[in-house]
Amino acid sequence: MTQSVMTLARYILARQDTFPDSTGEFSNLMLLIGVATKTIAWELRQAGLVEDALGLTGAINVQGEQVKKMDDYANETFLKVFMNTGLVCTMVSEELEGPEHLMQPCTPGSYSLLVDPLDGSSNVDMNINTGSIFAIQRRRFCGDDEADLLQPGREQVAAGYVLYGPSTLLVFTTGHGVHVFTLDAAIGEFVLSTEDLVIPTQGRYYSVNQGNTRRWQPWLREYLDYLQTEDKATGRPYSARYVGSLAADIHRTLLTGGIFLYPADTKNTNGKLRLLYEANPIAMILEQAQGRAITDQGETILEITPTQLH
Ligand code: AHG
Ligand code: MN
Ligand code: MN
């Protein structure tokens, strides 16, 4: 039973003046993110029942990772939903080698969509939570796509993720707080569940792939040891929780406080998370919820100038 009828559409219309422009273009873009992710959520729910939804495609993506059929489906869904809408000029995706033009001509001020269409896809065959992560930028100039897209996260006009779990949640920010919408399956609409989410100051959990411990630098192993050391005053030891889907691990961290880490290690010397469509959108959400997002060198993630799309 729906308790509130503050749908995403109604919310965006009511707050249009706090969105990056008031022409309605950005509002329509957010609504289409809702359409794309509702489509993906439905496919995930059916995945065990239909042919050709689970398993690998046999392809290797630009990251050198095996592509899941659901990775492809989610990527295609974003492309189809935004193609020729005039709302998004360029799309960058984990599953696409280069930028994809979705409208011609591209004009300065138009929007780019940077997306991890299916985050945590190693979990998809096991019916474990996955997500879609997105960032929205404005084109500064047109012509050299790649140079234009390599903007520090601070320039993002909006960011968020959709979490596919027992319920489907849309969490987003336009730089005015973090808002959570829950998909009401009865009416097929995202409905506001939490406005202005703030991270608790004291956490209970740390979240990291501890299987990589021996690849970490010694100071990081010491830090984990610190989190595991008994100290009532600071709420230690922290408990470990790790899904392996960034959207899920971050959502828990947002609600309960604590820390999520994907540090550099001897295998992934720059860390594993991709800046443009994983770390930056998540960092914007975390900062807007009054948390922090830093590299293992202590830099603020949103201040980093990217050097490559992936
Ligand atoms: P993706 O499925 O989009 O490639 O992202 C996977 C990412 C992220 O979701 C998660 O935090 C991390 O990779 C998990 O990596 P490990 O399996 O190495 O822990
Ligand atoms: Mn991901
Ligand atoms: Mn992905």
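A polar backbone atom of S121 lies 3.0 Å from an oxygen atom of ligand 1, a polar contact being a pair of N or O atoms within 3.5 Å, where within protein one must be able to donate a hydrogen and the other to accept it, and residues adjacent in sequence count only if both atoms are side-chain atoms. The protein covers 87% of the 470 Å² of accessible area that ligand 1 has on its own; accessible areas come from the Shrake-Rupley method with a 1.4 Å probe, and for residues only the protein chains shown count as cover.

The model is predicted, so local features need pLDDT of at least 70 and side-chain atom pairs count only at pLDDT 80 or more, while totals for chains, interfaces and linings use all residues. Residues are numbered from 1 along each chain as its sequence is written, chains are lettered from A and ligands numbered from 1 in the order in which they are written, and side-chain values use heavy atoms, with hydrogens and water left out.

- S121 lies in the loop between β5 and β6 (130-138); helices (H or I, at least four residues) and strands (E, at least two) are DSSP runs, numbered from the N terminus.
- S121 counts as buried because its relative accessibility is 14%, where buried means under 20% relative accessible area, exposed over 50% and partly exposed in between (1.4 Å probe, protein chains only).
- The side chain of S121 also makes a polar contact with the side chain of D71, at 3.0 Å.
- L246 places a backbone N or O atom 2.8 Å from an oxygen atom of ligand 1, and a polar side-chain atom of E65 lies 3.4 Å from an oxygen atom of ligand 1.
- There are 18 residues around ligand 1, of which E94, D119, N209, Y242 and Y262 come nearest; a residue is near a molecule or strand if one of its heavy atoms lies within 4 Å of it.
- Strand β5 gives the largest share of this shell, three residues.
- Sorted by class, the shell around ligand 1 has seven charged, six nonpolar and five polar residues; Ala, Val, Leu, Ile, Met, Phe, Trp, Tyr, Cys and Pro count as nonpolar, Asp, Glu, Lys and Arg as charged, and the others, Gly among them, as polar.

- E94 (OE), D116 (OD) and L118 (O) coordinate the manganese ion (ligand 3) at 2.2 to 2.3 Å; donors are N, O and S atoms within 2.8 Å of the metal (3.2 Å for Na, K and Ca), and water is not among the atoms, so sites may look incomplete.
- E94 lies in the loop between β3 (88-93) and β4 (100-101) and L118 in strand β5 (residues 111-119), so this pair ties together parts that are 24 residues apart in sequence.
- Both E94 and L118 are buried.
- The manganese ion (ligand 2) has D116 (OD), D119 (OD) and E278 (OE) as its protein donors, at 1.9 to 2.2 Å.
- D119 in strand β5 and E278 in helix α7 (residues 275-288) link distant parts of the chain, 159 residues apart.
- Both D119 and E278 are buried.
- D116 bridges the manganese ion (ligand 2) and the manganese ion (ligand 3), which lie 3.8 Å apart.

**Helix α7**

- Helix α7 is mostly covered, with 12 of its 14 residues buried; among them are Y277, E278 and N280.

**Cysteines**

- The structure holds zero disulfides, a disulfide being a pair of cysteine sulfur atoms within 2.5 Å.
- C89 is buried, with a relative accessible area of 0%, and C106 counts as buried at 13% relative accessibility.

**Backbone features**

- Most residues other than glycine have a negative phi, and most peptide bonds are trans.
- The peptide bond from R236 to P237 is cis, with omega near 5°, and P237 lies in the loop between α5 (218-227) and β12 (239-240).
- N127, a residue other than glycine, has a positive phi near 60°; N127 is placed in the loop between β5 and β6 and counts as exposed at 73% relative accessibility.
- D196 is not a glycine, yet has a positive phi of about 50°; D196 sits in the loop between β10 (189-194) and β11 (205-207) and is partly exposed, with a relative accessible area of 44%.
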